Amino acid sequence: ELLFDSASAKLQEIGMEKLKQIGLTLKETTNQIPDDIDWIIQVEGHTDKRPIKTIEFPSNWELSTARANSVLKLMLDLGFPPNRLSAAGYGEFYPISEGNSFETLQENRRIELKLTSR
């Protein structure tokens, strides 16, 4: 599923619905974590390798961070405590697919959610 259009940090509707489902599952899971474990969900934003230079996004760093923040806000709306979330942007530097095809570029415009200890 497509989360983001090229050069955009706005979640597409289908991506938002999928992320809500994932977020609600994560919420159920994290509700079962014992109180003595200091956990956090790190929301990581990624871009494709095409350069960007706009007023809103001077580079892929800003775009990937904005994508992570879009998802972080969704997680807050789902009821996650703010102290259990963080956002990070990785630009184009950690691709999961190589190449220049539309599909490859689309796959790299993504979010990763990592449940980890703090």
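**View 1. Side chain of Thr-30.** The Thr-30 side chain reaches the backbone oxygen of Lys-27 at 3.1 Å, a polar contact (a pair of N or O atoms within 3.5 Å; within protein, one must be able to donate a hydrogen and the other to accept it, and residues adjacent in sequence count only if both atoms are side-chain atoms). The structure is a predicted model, in which local features need pLDDT of at least 70, side-chain atom pairs count only at pLDDT 80 or more, and totals for chains, interfaces and linings use all residues. Residues are numbered from 1 along each chain as its sequence is written, and side-chain values use heavy atoms, with hydrogens and water left out. Thr-30 sits in helix H1, residues 13–31; helices (H or I, at least four residues) and strands (E, at least two) are DSSP runs numbered from the N terminus. Thr-30 has 6% relative accessibility and therefore counts as buried (under 20% relative accessible area, with exposed over 50% and partly exposed in between; 1.4 Å probe, protein chains only). With neighbours within four places in sequence left aside, Trp-39, Ile-41, Phe-80 and Leu-115 are in contact with Thr-30, contact meaning heavy atoms within 4.5 Å.

**View 2. Surroundings of Arg-67.** Helix H2, residues 60–77, contains Arg-67. Arg-67 is buried, its relative accessible area being 0%. Apart from neighbours within four places in sequence, the residues in contact with Arg-67 include Phe-4, Asp-5, His-46, Arg-109 and Ile-111. Thr-47 is also in contact with Arg-67; the two lie 20 residues apart along the chain, and their C-alpha atoms are separated by 8.7 Å.

**View 3. Nonpolar surface patch.** Trp-61, Phe-93 and Tyr-94 make a nonpolar surface patch of about 370 Å². Accessible areas come from the Shrake-Rupley method with a 1.4 Å probe; for residues, only the protein chains shown count as cover. Tyr-94 belongs to the loop between strand S2 (85–89) and helix H3 (102–108).

**View 4. Chain setting of the close-ups.** The chain has 3 helices and 3 strands, in the order α-β-α-β-α-β from the N terminus. Buried residues are 40% of the 118 residues. Of the contacts with a separation of 6 or more, 72% join residues 24 or more positions apart.

Conventions: Patch = residues over 30% accessible without salt bridge, like charges linked within 9 Å, V, L, I, M, F, W, Y side chains within 5 Å. Salt bridge = Lys/Arg side-chain N within 4 Å of Asp/Glu carboxyl O.
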